[in-house]
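Open the model in your viewer and keep the selection tool at hand. This tour goes from one stop to the next.

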Amino acid sequence: MIKVLGKQVVTGFLPALLIGFLVLLFDPQEAAAVLNVDVTRGNVEPLPIAVPDTAPASEATTMIGSLADIGINIASVVIADLTRSGLFRSIDKEAFIEKIGAGSMRPRFGDWRAIGSQALVTSHVELESDGRIRVEFRLWDVFAESQMTGLRYVAPPQNWRRVAHLIADAVYGRLTGEKGYFDSRIVYIAETGPKTKRTKRLAIMDQDGANHRYLTNGEDLVLTPRFSPTRQEITYLAYYNDQPRVYLYNIDTGKHEVLGDFPNMTFAPRFSPDGNMVAMSLAENGNSDIYLMDLRTRRVTRLTTHPGIDTSPSFSPDGARITFNSDRGGSQQIYVMDTDGSDIKRISFGKGRYATPVWSPRGDLIAFTKIGNGQFRVGVMRYDGTGERLLTDSYQDEGPTWAPNGRVLMFFRQTPYNERGEGGEMSVWSVDLTGYNERPVTTPFEGSDPAWSPLMSR
Amino acid sequence: MKMNGLGKRFLTITAASIFLAACATSETEMETVTETETMVPVVPAPDVMQTPLTPGPAPGTQAHLVATVGDRVFFEYDKAELTATARDILRRQAEWLRNNLDVEVVIEGHCDERGTREYNIALGDRRATMARNYMIALGISGDRMRTISYGKERPVAFGASQASWSKNRRAVMVVL
């Protein structure tokens, strides 16, 4: 039985390309499902899951290939997403006993139990009369023999990747109880050329590295891009005309504009949770303080006035507070203040220096870079400074950014140089909040300063 | 200038010959030649290395700044205070700017890799400003000197070592 419970227009960053809808495929037994993955424990045994190829309903061909090819691709992206989370282990399709066809309704659960699968994702793809593809999937609890969730997506064929990420998000969400994060993008700094004269370009890609493209041509130095939590915008630091200033970049139009008319360098920008403000540092006579700009009125408010360096502001998800980096106490430490600049409190008191505080989208934690013992390490602490945990251990790991669900972090890593200038490679990595499942994020060249987007469909 | 005997004699001849060519009719000089002629060594002369001398960097250029007073000062780790050595170089840079009044410069602030990116941009700005302010105090017009911070993005030395880091913690005067 398929019952339409709701209809959702899938828009997000590619509204013109993916205008589809999503419906829940309801199974009365769903409530009985007990299968669950605990994401709060590190080093959890990955859940064995079977994801057969998305079955083509016909031999039809679209502008980007046959339904069969699209189906194989969708399944492989779902498998890659789930596997990369570290929480799932995909069962090799060579082991499958039952062949899932487009007409299959209930799987033969015994066949899936026999190969050690605990969860099963079945799906099929059909061609609509208007040229779009319709993809339906169901997630099954193999032991309870029940459907856990089922959804239908309609999209232009070229958007098959987003459909795959949405399926992976739904599976992850149903099995972990947390929101997924696969339908998201990364903006980062692509680095090429010799270290003394590096070319740095703003680049954007899907969180799995697909659909990579450059947003700037590399003529000018660009650094520290940050995604808007609500719009198709990036704020970043650029050295256009040798004037380092904070810029706003519109991803849809490709237009960029300088933020404000400041006589001196502005840097270290970050959006407020509603996307309407940008907090940033302004340097004046050798002193950096934090300012807030309202993007609608362009009105600027000064938040800090200390002669120490105040930089790297990051908002709490409720927008009420800002965490930032300051050396006002003699060395780089992490502070928290109200968004009007009042009630400034230092929260980092461990050994060493602390930098780049970034508030978790869940609100409970602040991620940071810890400098000590000749290393940079990425860690997290509660927003009152307690419960510090270091997640990485390398030469220089810097600049964490949170996945939209607050369970995964990305950061950039530099290896040590030798005297001949060898080494010093910059790369982007991800790590689970528990400190496990550390993985390199593939980029075409070296990369740094990753910033995670919000979910594209919200 | 200290010279050995052979060199002195050789020079005498050369000087005398040139003088002779210029005033061939002078008796006095004829005598000089006669006197020194006997002193010409009979040992074979070594091959002479000849290197053309360029006029040197034109005043007011970056190369001239580097060759005459130095274009950079260095800082301690995570510090922007000027050391005695740095102040010394900045005084010479100020003097150089006084001698090259039509020159405008940008002072670049740089850091080593042991600070985070955003913090180092602030620290580099602080270093460049400290250097600029010191030269303003020495009487150089602020209109001739602007600053820019590159943080740790433009290293000149590599290697996870004190030697490399200390070269990267710098403020560099660049002639525009």
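Begin where the two chains meet. Between chain B and chain A, 20 residue pairs are in polar contact, both residues being at pLDDT 80 or more. A polar contact is a pair of N or O atoms within 3.5 Å; within protein, one must be able to donate a hydrogen and the other to accept it, and residues adjacent in sequence count only if both atoms are side-chain atoms.

A word on the model. It is predicted: local features need pLDDT of at least 70, side-chain atom pairs count only at pLDDT 80 or more, and totals for chains, interfaces and linings use all residues. Residues are numbered from 1 along each chain as its sequence is written, chains are lettered from A and ligands numbered from 1 in the order in which they are written, and side-chain values use heavy atoms, without hydrogens and water.

**Stop 1: the chain B side**

Select helix H5 (117-137) of chain B. H5(B) gives 10 residues, the largest share of the side that touches chain A. Helices (H or I, at least four residues) and strands (E, at least two) are DSSP runs, numbered from the N terminus.

Now widen the selection. In all, 31 residues of chain B contact 49 residues of chain A, with contact meaning heavy atoms within 4.5 Å. The area buried between the chains is about 3100 Å². That is accessible area (1.4 Å probe) lost on putting the two parts together, summed over both. Pick B:Arg117, B:Glu118 and B:Phe158: they supply 25% of the area that chain B buries against chain A.

**Stop 2: a salt bridge**

Select A:Arg226 and B:Glu118. They form a salt bridge, with the closest N and O atoms 2.7 Å apart. The term needs a side-chain nitrogen of Lys or Arg within 4 Å of a carboxyl oxygen of Asp or Glu. The count between the chains is 7.

**Stop 3: the largest pocket**

Go to A:Pro229, A:Trp359, A:Pro361, A:Trp402 and A:Trp452. Of the 29 lining residues, these are closest to the centre of the largest pocket. Its volume is about 610 Å³.

On a 1 Å grid over the protein atoms alone, a pocket is an open set of points with protein on both sides within 12 Å along at least five of seven lines; a cavity is a set where a 1.4 Å probe fits but cannot get out; lining residues have an atom within 4 Å of a point. Points are joined across faces, edges and corners, and a volume is the space filled by probe spheres set on them.

**Stop 4: the largest cavity**

Finish with A:Gln414, A:Tyr417, B:Glu113, B:Lys152 and B:Pro155, which lie nearest the centre of the largest cavity. About 230 Å³ of space lies there.
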